[in-house]
Amino acid sequence: IRRQRQMCIRDRATPNPFRDQFVVQHFPTPQNIEFMQLISSTGQVVWQQRIALGQPGIVLGPNLLQVNTANLASGVYVLQIVYRNRKTETIRMVKL
């Protein structure tokens, strides 16, 4: 019997809690991310960004995506990462 190896996807957002920005560290390289969005505690999408490798202002390095949140109010948010295969990963975030 042959077993298929599944790719391990692990995302981390730091710092958390954050102030004006945070960085999403993605393993492996974020080429399979379609978009990311921040959802407020009321369920409103307050930020959304499609991901294109080489996109200025968001891709800091091969595994780092920067999110600017200076215009958001303090509170609890959910960072949702949506992959091209439509799987999602969520991270609870707190803005100070």
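## Surface and burial

In this predicted model, the protein chain exposes about 6,400 Å². Of the 96 residues in the protein chain, 38% are buried, where buried means under 20% relative accessible area.

## Secondary structure and contacts

The protein chain contains eight strands and zero helices. Read from the N terminus, its elements therefore run β-β-β-β-β-β-β-β.

Contacts were also sorted by the sequence separation of the residues they join. Among those between residues at least 6 apart in sequence, 52% join residues at least 24 apart.

## The four-stranded sheet

Four strands form an open sheet in the order E4-E3-E7-E8, and their pairing is antiparallel. Strand E4 (45–50) and strand E8 (88–95) lie at the edges, each pairing on one side only. On average, neighbouring strands of this sheet are turned by 15° against each other, with direction ignored.

Strands of a sheet pair through backbone hydrogen bonds, in either a parallel or an antiparallel arrangement.

## The E3–E7 pair

Within the order E4-E3-E7-E8, strands E3 and E7 are neighbours. Strand E3 covers residues 33–40 and strand E7 covers residues 75–83. The two pair in the antiparallel sense over seven bridges. Across this pair, Gln37 stands opposite Gln80 in E7.

Terms used
Residues numbered from 1 in each chain as written. Predicted model: local features only at pLDDT ≥ 70, side-chain atom pairs only at ≥ 80, totals over all residues. Heavy atoms only, no water. Pairing = 2+ DSSP bridges. Axes fitted to C-alpha atoms, helices over the stretch in contact; angles between N-to-C directions. Buried < 20%, exposed > 50% of the residue type's maximum accessible area, 1.4 Å probe, protein only. Contact = heavy atoms within 4.5 Å. Areas by Shrake-Rupley, 256 points an atom, 1.4 Å probe, with all protein chains shown as cover.
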